[in-house]
Amino acid sequence: MVVLFSVRRNRVWWRALVAVIACGWALMSAFAPPQVQAETARPPAVNVKAAVVYDATDRKILYDKRGDEPMYPASTTKLMTAILLVQHLRPEDLVYISETASRQPRVRLGLRPGTELTAEQALLALIMKSANDVAYGIAETIGGSQAGFARMMNVEARLIGCTHTQFVTPNGLHAEAHTTSAKDIALITAKAVTYPRIVRAMQTPQATIAGKTIRNGNRLLYSPPASIGQFIGGKTGFTSRAMYCLATAVRRPSDGHILVSVVFGAPRKSLMYRETVRLLTWANRMSPSEHSAS
C-alpha cells in the first residue's frame, strides 16, 4: 500500500512505471512475430500418399511429400491430353469418336461411334466431365492411335521438364506402366493453365454437349475458400489403384504468384479437397523470406 501510495503521489515514478510496462509489451511484440511465423512455416502433415506445392512463378517446390515417387495419376493425366489438344486443334476442328473410343469404361459422355465433336466441345467434356471416351477420341484424332498419342504425351512431358513420367493412356485408366509423380503433374498443371482455352474449360460450371448437359466435377470451382487464393482451375482423378487425386492452380494474393498443389492417393474424396485446401492455405501464409528459402 505504501508503494502504491507513493507511486500515485509521484508523477515521475508513475511515468517510469508506464514506460517499463510499455517496454515490456514492445519486447513481447518483437518476439511474437517469429513465433507466429514459425507456426505458419511448419508444413501440414497431409493424409495422402504424395503431395507437392509448386510456385510456378519462381519455379520452386514449396512442399514435398514423396513428390518424385512414380505413382498412378488417374484422370490428372487428362491435363496432358488437354495440352496436346489445344496445341494441335483449333476450337472448330473436329474430334472423331470411334467404336473403340465409345467403349471406354466410365466415366464417359456416352457418345455413339461416328459422333463428331468440335475440339472446344471435346475440351469441355475432357476437363469438366472427365470423359474417358472423349479423351480416347482426342488421342486417335491427334495421334492416329492411343500408342501414337502416348508417344506425343511423353515427348511433351520431357519438354515441360518431367523426369518420372511414362504415359500409356490418354485418360488415366489404369495401366501398370502408366505412372508419373506429383512433381511432374505439378509441372504439367502449371503448363496447362498457361492456355486460356484450358482455363476457360476449368472454370465452366455447366455445358451442353451433343445434347447432354454436364456439370464441372471439381468442387473447388463452386466455393473456393478465400484462404487458398484466387482459384484458377485444376483436375480431379480417381481409380481404385490411384485413389483420389487432385491438381489445383491458384493465384496467391500477396504477390500474384501461381501456386500449384497436387495430392495423390487420398483415401477419400473429401480428404482430397481438405488436404488441398490445407496445403494452399499454408503456402499463402508463408512470408516473402520463407518463399525465398524454400
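This is a predicted model: local features need pLDDT of at least 70, side-chain atom pairs count only at pLDDT 80 or more; totals for chains, interfaces and linings use all residues.
Biologist: What is the protein made of, and how many of its residues count as buried?

Modeller: The protein has 11 helices and nine strands. Of its 294 residues, 51% count as buried. Among contacts with a separation of 6 or more, 64% are between residues 24 or more positions apart.

Biologist: Why are helices α6 and α7 called roughly perpendicular?

Modeller: The axes of α6 (residues 132-143) and α7 (residues 146-160) cross at roughly 85°. Angles from 65 to 115 degrees count as roughly perpendicular. The angle falls in that range, and therefore α6 and α7 are roughly perpendicular to each other. Their axes come within 8 Å.

Biologist: Which residues make that contact, and of what classes are they?

Modeller: From α6 come Tyr-136, Ile-138, Ala-139, Ile-142 and Gly-143. From α7 come Gln-146, Gly-148, Phe-149 and Met-152. Six of these residues are nonpolar, three are polar and none is charged.

Biologist: What makes α3 and α5 roughly antiparallel?

Modeller: They pack at an angle of about 170°, with their axes 10 Å apart. Over 145 degrees counts as roughly antiparallel, and therefore the pair gets that name. In the contact, Lys-78, Thr-81, Ala-82, Leu-85 and Val-86 of α3 meet Ala-119, Ala-122, Leu-123, Leu-126 and Ile-127 of α5. By class, this contact has eight nonpolar residues, one polar and one charged.

Biologist: Why is α3 described as largely enclosed by the rest of the structure?

Modeller: Helix α3 covers residues 78-88, and nine of its 11 residues are buried, so the helix is largely enclosed. Buried means under 20% relative accessible area. The buried residues are Lys-78, Leu-79, Met-80, Thr-81, Ala-82, Ile-83, Leu-84, Leu-85 and Val-86.

Biologist: Is Ala-157 buried or exposed, and how do you know?

Modeller: Ala-157 has a relative accessible area of 0%. The limit for buried is under 20%, so Ala-157 is buried. Ala-157 is found in helix α7. Leaving out residues up to four places away in sequence, Ala-157 touches Met-80, Cys-162 and Thr-165. Its C-alpha atom is separated by 7.3 Å from that of Ile-188, which is 31 residues apart along the chain.

Biologist: What is noted about phi in Ala-74 and Met-243?

Modeller: Ala-74 has a positive phi of about 50° although it is not a glycine. Met-243, also a residue other than glycine, has a positive phi near 65°. Ala-74 lies in the loop between β2 (60-65) and α3, whereas Met-243 is in strand β8 (residues 243-251).

Biologist: Which residues does the cis peptide bond join?

Modeller: The cis bond joins Arg-106 and Val-107, and its omega is about 15°. Val-107 is in the loop between α4 (99-102) and β4 (116-118).

Biologist: What is the volume of the largest pocket, and which residues are closest to its centre?

Modeller: The largest pocket has a volume of about 550 Å³. It is lined by 30 residues, and those closest to its centre are Val-107, Ser-130, Thr-236, Gly-237 and Phe-238. By class, the lining has 10 nonpolar, 13 polar and seven charged residues. α5 (119-129), β7 (230-239) and α10 (269-285) each supply at least two residues. β7 gives the most, with seven residues.

Biologist: What can be said of the lining of the second largest pocket?

Modeller: Its lining divides into eight nonpolar residues, one polar and two charged. Arg-59 and Lys-191 are among the lining residues, and they are the charged ones because Arg and Lys count as charged. Helix α8 (residues 182-192) gives the most to this lining, with three residues. The pocket holds about 260 Å³ of space.

Notes
Residues are numbered from 1 along each chain as its sequence is written. Side-chain values use heavy atoms; hydrogens and water are left out. Axes are lines fitted to C-alpha atoms, for helices over the stretch in contact, and angles run from 0 to 180 degrees between N-to-C directions. Helices (H or I, at least four residues) and strands (E, at least two) are DSSP runs, numbered from the N terminus. Angles under 35 degrees count as roughly parallel, over 145 as roughly antiparallel, 65 to 115 as roughly perpendicular and the rest as oblique. Contact means heavy atoms within 4.5 Å. Buried means under 20% relative accessible area, exposed over 50%, partly exposed in between (1.4 Å probe, protein chains only). On a 1 Å grid over the protein atoms alone, a cavity is a set of points where a 1.4 Å probe fits but cannot get out, and a pocket is an open set with protein on both sides within 12 Å along at least five of seven lines; lining residues have an atom within 4 Å of a point. Grid points are joined across faces, edges and corners, and a volume is the space filled by probe spheres set on the points.
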